[in-house]
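Student: Please take me through the aromatic contacts of this model.

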Amino acid sequence: MDINPEDLPWIEITDSMSIRDTISMIARIWNLETGEECSTIGSTFHLIADTYPARFVIEFNPGINSVTGLFLGKSELVAVSHNLLRRVANTVYWVNELFQDSGLKYIPEDLFKGCYRINDFRYCFFNCVNISGRTPLVDGKELWAAFPKAKGSDCYFNCTGLENYDIIPTDWK
């Protein structure tokens, strides 16, 4: 059975990158092109490819409730698939600082599809100055409308390249 790469939870990077996973969020990471698993030393995954940009599939451990700060400060990270959080959609509560200060260029509209338990978006896209497009939606609503009780402080701080930046509530930017 062939698997469509777009159905996998991938990230795209422009250079080698390490991900420190101190709370066992990640089960494994492998190179989408070669199928090779990434090496680890302790709790750190090393994402290295022969050519860049390169895509890596991230398989989260089922049942985790936080992906806080996973890609914090990763300027090499430029793209993520729309179903990055699919495996943990029913259990994840915290996505704060997830992409803060990263090189992310676009947010898939349905990145948080099915993630109805999230209650903390603080700093999620903070200072992602390369982002363009629109903010993600859940059931056709912007995050602040879909999750009115969630913490959203500075979620979109300095994300002025977003097409709908002007409608983001003040406390979310």
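Student: Is Trp-172 buried or exposed?

Tutor: The model is predicted, with local features requiring pLDDT of at least 70, side-chain atom pairs pLDDT 80 or more, and totals for chains, interfaces and linings using all residues. Side-chain values rest on heavy atoms, without hydrogens and water, and residues are numbered from 1 along each chain as its sequence is written. Buried means under 20% relative accessible area, exposed over 50% and partly exposed in between, with a 1.4 Å probe and protein chains only. Because its relative accessible area is 4%, Trp-172 is buried.

Student: How many aromatic pairs are there?

Tutor: Rings of Phe, Tyr and Trp (its six-membered ring) pair if their centres lie within 6.5 Å; planes under 30 degrees apart count as stacked, over 60 as edge-to-face and the rest as tilted. By this rule, the number of aromatic pairs is 13.

Student: What is the angle between the planes of Phe-125 and Tyr-156?

Tutor: Both residues, Phe-125 and Tyr-156, are buried. Their rings form a stacked aromatic pair, 5.6 Å centre to centre, and the angle between the planes is 10°.

Student: How many residues apart in sequence are the parts tied together by Trp-144 and Trp-172?

Tutor: Trp-144 and Trp-172 pair edge-to-face, at 6.2 Å centre to centre and 65° between the planes. Helices (H or I, at least four residues) and strands (E, at least two) are DSSP runs, numbered from the N terminus. Trp-144 lies in helix α1 and Trp-172 in the segment after α1, so the pair ties together parts whose separation in sequence is 28 residues.
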